[in-house]
Amino acid sequence: MVKRNGTRRAARHAWCAAAVAGLALLAGCGSSGDGDGIPPTATGTLEELAAQAHCEPRLQTDAQELRQANCTTKDGRYVLATFATDRGQREWINEANDYGGSYLVGRRWVAVSDAAVIAALRGRLGGTVETASPHHPGSGGGSANEAEHSGHPGR
């Protein structure tokens, strides 16, 4: 009898887990079907992401924890960076926020530029947009210079 109750309990937990997973999938499908033309968030190496963004990357940093390149497309210039860990990515973004600009963020990658370039990139790479205002004094706020600024973390 104990075994039978245990089996029922296990089956009930499995059903609940399946129901929760199904709802999560439905919620994910609904959010990507907004009709706004944003593709699923891209994944891959720096070179794979650059190719998807139609960029010929000029490698700036090639380290185990961070790979960073400058890119130029018909939409403008930007920095594309990939990270070995989620934590490394978040630390980089937190430090880079001091420079202001717009950030297109995916899983272990980020693109940095002005808002117009980020909007165009989002149409090819998906991701979420984060915007930061410059925090340091004397900032000219020139967003065209943001993508090539070598002072971004991880230079």
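**Ground rules.** I number residues from 1 along each chain as its sequence is written, and my side-chain values use heavy atoms, with hydrogens and water left out. Since the model is predicted, local features need pLDDT of at least 70 and side-chain atom pairs count only at pLDDT 80 or more, while totals for chains, interfaces and linings use all residues.

**Confidence.** I started with pLDDT, the predictor's confidence in each residue, from 0 to 100. The chain has a mean pLDDT of 74, and 64% of its residues reach 70 or more.

**Helix H4.** I took helices (H or I, at least four residues) and strands (E, at least two) as DSSP runs, numbered from the N terminus. My burial labels are buried for under 20% relative accessible area, exposed for over 50%, and partly exposed in between (1.4 Å probe, protein chains only). H4 spans residues 115-125, and its buried residues are Val117, Ile118, Leu121, Arg124 and Leu125. They sit on the same side of H4 because they cover an arc of only 115° around the axis, taken from the directions from the helix axis to the C-beta atoms. Ala115, Ala116 and Ala119 are exposed on the other side.

What do the buried residues of H4 pack against? I found helix H2 (46-52) and strands E2 (66-73), E3 (76-83), E4 (101-106), E5 (109-113) and E6 (128-132).

Aspartate 114 caps the N-terminal end, with a side-chain oxygen 3.1 Å from the backbone nitrogen of alanine 116. Just after H4, glycine 126 takes a positive phi of about 70°.

**Cores.** In soluble globular proteins, nonpolar side chains tend to be buried together. I counted a nonpolar core as a set of buried Ala, Val, Leu, Ile, Met, Phe, Trp, Tyr and Cys residues joined through side-chain atoms within 4.5 Å. The largest has 17 residues, and Tyr78, Leu80, Leu104, Ala111, Leu121 and Leu125 have the most contacts inside it. H2, E2, E3, E5 and H4 each supply at least two residues of this core. Its largest share, 4 residues, comes from H4. I then looked up leucine 121: leaving aside neighbours within four places in sequence, leucine 121 touches Ala53, Tyr78, Leu104, Ala111 and Gly126. There is also a second, separate core of 12 residues, which includes Phe83, Ile93, Val105 and Val112.

**Positive phi without glycine.** Histidine 54 has a positive phi of about 65° although it is not a glycine. I placed histidine 54 in the loop between H2 and strand E1 (58-62), and it is exposed at 59% relative accessible area. Arginine 108 also has a positive phi of about 65°. Arginine 108 lies in the loop between E4 and E5 and is partly exposed at 32%.

**Salt bridges.** My rule was a side-chain nitrogen of Lys or Arg within 4 Å of a carboxyl oxygen of Asp or Glu. The count comes to 8. Glutamate 47 and arginine 67 meet at 2.8 Å, N to O. Glutamate 47 is in helix H2 and arginine 67 in strand E2, so the pair ties together parts 20 residues apart in sequence.

Arginine 107 bridges to aspartate 86, with the closest N and O atoms 2.9 Å apart. Aspartate 86 is in helix H3 (residues 86-96) and arginine 107 in the loop between E4 and E5, so this pair ties together parts 21 residues apart in sequence. Aspartate 86 is partly exposed, at 35% relative accessible area. Aspartate 86 also bridges to arginine 108, at 3.3 Å between the closest N and O atoms. That pair links parts of the chain 22 residues apart. Last entry: salt bridges that share partners join Glu47, Asp62 and Arg67 into one network.

Conventions. Contact = heavy atoms within 4.5 Å. Polar contact = N/O pair within 3.5 Å; in protein donor to acceptor, adjacent residues only side chain to side chain.
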